[in-house]
Amino acid sequence: MRRRSPTGPYQPSLALRALSERFFGRIAIDQEWLSSVRRLADQGTVVYVLRNLNVVDFLALDFLTKRHGLPEIRFVNDLGMGALEPMGRGLLGALLPRSGDAQASELREAVERGHSAALFLKRPPGVLDLAAGASGGRGLTEGDALMRTLIDVQRERARPILLVPQVFVWSRLPDTRGTRTLDLLLGPREWPSALRTAGQVLANASHAELRAGEPLSLAAYLAESDAPSDAVRIRRITYALLRRVERERVAITGPAQKPPDRVRDEILRSPRLARVVEELAGERAEDRGAVLAEAERMLRGLQATLDVDTVRALELLFDKVFHTIYAGIEFDREGLERIRAAAKDGTVVLLPSHKSHIDYLLLSYVFYEEKLQLPLIAAGDNLSFFPLGPLFRRGGAFFIRRSFKGDRLYSAVVDAYVRRLIREGHPLELFLEGGRSRTGKLLPPKLGLLSMIVTAALAVTHRRTYFVPISIGYERLVEGSAYERELRGGEKEKEDAAGLLRTTAVLRDRYGRINLQVGEILTLDQLREELDLPLGAELEEDAQRALVTRLGNRVMDEMNRVTAMTPGALVALVLLTHTRRGLPHDEVVDRARKLLGLARRLGARATPSLATGEGALREEALGEALEMLMAAELVEAHRPADGEVAVSRRPTAGPDAIYVVPDAKRLALDTTKNIVVHFFVERALVAIALLRDGGPPIARAVLRERVQVLSRLFKYEFRFRADASFDEIFDRTLEEMAADGKLALLAEQRVGAGVGADGWSGAEWLEIYAATCRNFLEGYRVAARGLGALVKGPLTEKDLARRTLALGGRMFLAGELELRECVSKPILQNAFLSFVDQGYLAKRDGKLELQASFASARAVAAIEGRVAGYLGRR
């Protein structure tokens with residue numbers, strides 16, 4: 001290593017430069033860090049602050065500051081390397097002791113000249129230190145004297161000294177509790193020696209990252225400090241800086257790890273669980289042992305055993321799989337940064353939408369790639385089968401029964417486990433819908449596990465818990481064929497290894513892009529204020545139930561709000577909302593452009609692949625989506641050939657193509673459309689009501705009554721806003737549609753079609769709006785006619801749905817229905833629930849039966865007529 005001049009920068013040898021380029025050149029750099037350091041350098045003198053005295057960290061920081069043109073380091077603590085000291089004084093200087101006064105003098109000289117310095121706050125405990133009783137989890141004092149020098153220099157000058165915390169994360173492995181044999185030689189993970197760090201660099205250089213904590217202005221601190229002495233100030237400054245560094249590091253590695261058996265032992269001894277065990281066992285000691293053994297068995301089946309090496313192996317596998325079947329993953333980068341900030345401040349609970357088994361892997365994959373702490377994932381115990389179960393468990397999944405109502409011990413075990421995870425700060429991932437949505441729309445929230453998490457979060461007062469709504473969107477689902485079979489009435493197949501092997505066929509297809517969007521991050525304090533619940537006070541059972549319900553509904557609304565329009569969803573929307581047999585390519589593009597503009601005005605996001613930053617449609621994205629759907633045989637491209645329109649042998653989009661959706665494939669394509677249908681529902685109900693019985697204009701009061709009837713009918717079909725009344729939503733929708741030219745608010749409180757917009761008349765826009773939800777209306781008509789089977793007596797819901805699905809098929813073939821996708825099992829199930837609310841049906845002894853006043857064929861026909869009246873003919 002070369003010598004340097006006093007306060008000169010470090011000059012590494014040629015060999016070290018080459019090694020630095022090879023290993024440090026691959027470190028992921030936070031671009032915000034670069035701009036932040038440059039901005040701070042304009043304001044004052046930058047002092048890079050690091051946690052653990054380590055020559056590898058210094059060499060990496062020195063390399064990166066030079067590579068990116070940042071303030072160069074002219075001082076660093078004595079790293080204890082003698083003649084090889086990077087900022088040392090050569091062989092002669094190494095033979096002479098470098099006193100603390102000498103280091104302080106060199107630091108003062110560097111800072112007074114306006115140069116930057118690197119200051120390590122702690123020294124890792126060595127073998128002798130650990131043998132003497134030092135903790136492997138705490139470093140030894142190192143930088144106090146140098147911090148005093150910085151305070152003295154700051155008092156003598158006006159230009160601020162800015163302490164900028166830095167942390168290199170060389171390994172994703174979390175810290176470990178206690179001192180192990182290997183730690184005596186290499187130092188613990190949280191305070192690694194240079195040798196251990198060098199090994200981590202060799203193994204993980206491509207995954208290493210430099211993160212920066214919040215800077216601390218020494219001038220501002222001294223001006224505001226009320227500490228009685230400099231010794232106290234130094235302790236407070238050091239503590240604040242260490243906390244900022246630690247927050248950055250733990251946000252990537254996660255909390256310290258204990259062996260699984262030790263974790264189970266501690267959970268089983270938790271007071272709440274121990275009390276339940278005692279109550280269930282009674283006074284017999286042998287019964288207590290049996291109950292405790294059963295609790296441990298339950299805990300073993302539940303517990304995640306996250307292993308970063310397994311995650312790394314899965315990451316390599318998933319990277320290949322994702323890029324084989326998907327065109328890419330588009331995610332909300334600003335949203336991920338909000339998650340990163342929340343993870344530094346508290347415990348994060350991720351609440352994604354759930355449409356595919358891919359969901360279990362997606363967030364972990366993205367978080368691993370983006371250097372975020374990996375979540376522990378609540379998964380159904382149906383996925384614990386071999387060989388996937390053990391693999392998922394080591395990937396962070398913990399398996400929970402679908403239902404454990406009435407099992408007090410299992411409930412107590414789950415509660416104790418969740419409390420432990422919240423208290424230690426593990427990020428959790430929970431699918432609030434419970435199961436996967438087969439329709440593309442969100443399912444109603446299941447609040448059981450969320451309630452446990454909220455209870456745990458309320459009890460852990462020293463950590464804030466953040467609830468993060470996430471929308472995951474797909475252009476095409478790998479489970480599409482299985483979902484289509486279930487929608488037509490088939491039974492769900494149980495997951496097992498044989499099913500896993502069958503699904504390898506998906507590797508031969510392409511499924512478009514996945515997109516991930518992050519909603520507003522919610523806190524319990526925020527929701528308590530909305531509900532006028534006192535902060536800090538213990539909540540009564542009813543109040544906590546209201547809090548959980550509000551949280552669940554807000555999360556679902558946020559998922560809907562931030563859902564992005566994808567090329568596949570837009571194409572599905574275009575192709576399923578027109579009345580002709582097929583659409584020419586140019587008309588597909590024109591309708592897509594208009595509907596995208598409408599969706600953006602309604603608040604929908606658009607994926608980068610679909611639209612430019614200004615919101616303009618990327619036509620090539622439509623072509624890619626059409627070709628993906630053609631390859632899946634969901635869409636046909638017809639081209640003129642020899643005077644006839646023939647099915648194209650080329651599954652390609654183009655100006656000469658006419659696109660047709662085969663009737664048998666409309667149901668599968670409808671799932672893609674439904675991902676974004678919620679953006680149009682409020683306007684669709686207005687349009688359907690307005691077009692009834694000859695169409696507009698009609699009295700506003702009549703329109704309001706009709707829309708309210710429809711909103712009640714579709715109570716279980718669509719999510720309506722819970723933060724506004726029906727009248728508020730109705731009035732706002734009419735005003736917005738009038739402002740857009742879709743409606744006209746006429747004299748005498750009448751409503752008619754507007755002048756139109758974007759080349760379509762107001763009447764044409766109303767037809768488009770109505771078409772987005774017409775299949776649901778037709779489905780409810782089928783459900784209403786299906787009630788005729790109950791005239792002869794009650795049926796289980798399963799039997800009624802089976803008969804009604806067959807009836808719907810006959811109605812479609814007879815020409816009574818226009819849209820094949822209306823014959824769908826979930827639509828019928830939601831309709832039956834609505835008919836119970838409407839008073840047409842009653843549920844008794846597990847069966848559905850007609851209420852007495854509707855138990856006749858004539859009454860059933862009247863129910864159908866009430867629904868069919870909104871359909872008319874197109």
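# Close-up views

View 1. The structure shown is a predicted model, in which local features need pLDDT of at least 70 and side-chain atom pairs count only at pLDDT 80 or more, whereas totals for chains, interfaces and linings use all residues. Residues are numbered from 1 along each chain as its sequence is written, and side-chain values use heavy atoms, with hydrogens and water left out. Helices (H or I, at least four residues) and strands (E, at least two) are DSSP runs, numbered from the N terminus. Helix α34 comprises 14 residues, 825-838, and reaches 20 Å from its first C-alpha to its last, close to the 20 Å expected at 1.5 Å a residue, where the expected span is 1.5 Å times one less than the number of residues. P826, I827, L828, N830, A831, F832, S834 and F835 of α34 are buried, a term that here means under 20% relative accessible area, with exposed meaning over 50% and partly exposed in between (1.4 Å probe, protein chains only). Just after α34, G839 adopts a positive phi of about 90°.

View 2. Residues of α30 that are buried are R700, L703, R706, V707, Q708, L710, S711 and L713.

View 3. E778, which belongs to helix α32 (residues 762-786), is buried, with a relative accessible area of 2%. When neighbours within four places in sequence are left aside, E778 is in contact with L817, E818, L819, C822 and L871, contact being defined as heavy atoms within 4.5 Å. C822, one of these partners, is itself buried at a relative accessible area of 0%, and C773 is likewise buried, with 0% relative accessibility. With a disulfide taken as a pair of cysteine sulfur atoms within 2.5 Å, the count comes to zero disulfides.

**View 4. Salt bridges within helices.** A salt bridge requires a side-chain nitrogen of Lys or Arg within 4 Å of a carboxyl oxygen of Asp or Glu, and a search of the whole structure finds 69 of them. In helix α16 (residues 333-345), R340 and E337 lie three residues apart, about one turn of the helix, and form a salt bridge whose closest N and O atoms are 3.2 Å apart; R340 is buried at 4% relative accessible area, while E337 is partly exposed at 34%. An α-helix has 3.6 residues a turn, so residues three or four places apart point the same way. In helix α19 (residues 408-424), R420 and E424 are four residues apart and are bridged with closest N and O atoms at 2.4 Å, R420 being buried at 6% relative accessible area and E424 partly exposed at 28%. D590 and K594, four residues and about one helical turn apart in helix α26 (residues 585-601), meet in a salt bridge at 3.1 Å, N to O. Of this pair, D590 is partly exposed, with a relative accessible area of 29%, and K594 is buried at 11%. Salt bridges that share partners join K258, R262, E266, R420 and E424 into one network.

View 5. Three strands, in the order β23-β25-β24, form an open sheet with antiparallel pairing, two strands being paired if DSSP finds at least two bridges between them. β23 (698-699) and β24 (743-746) stand at the edges with a single partner strand each, so one side of each has no neighbour in the sheet. Helix α31 (residues 726-739) packs on the sheet, touching β24 and β25, and its direction makes about 110° with that of β24; axes are lines fitted to C-alpha atoms, for helices over the stretch in contact, and angles run from 0 to 180 degrees between N-to-C directions. β24 is joined to the antiparallel strand β25 (residues 750-753) by four bridges, and A744 has G752 as its bridge partner in β25.

**View 6. The enclosed strand β11.** Five of the five residues of β11 (residues 376-380) are buried, so the strand is largely enclosed by the rest of the structure. L376, A378 and G380 point one way from β11, and I377 and A379 point the other way. β11 runs parallel to β12 (residues 397-400), to which four bridges join it, with G380 opposite I400. Two bridges join β11 to β13 (residues 428-429), also in parallel, and in β13 the bridge partner of L376 is L428.
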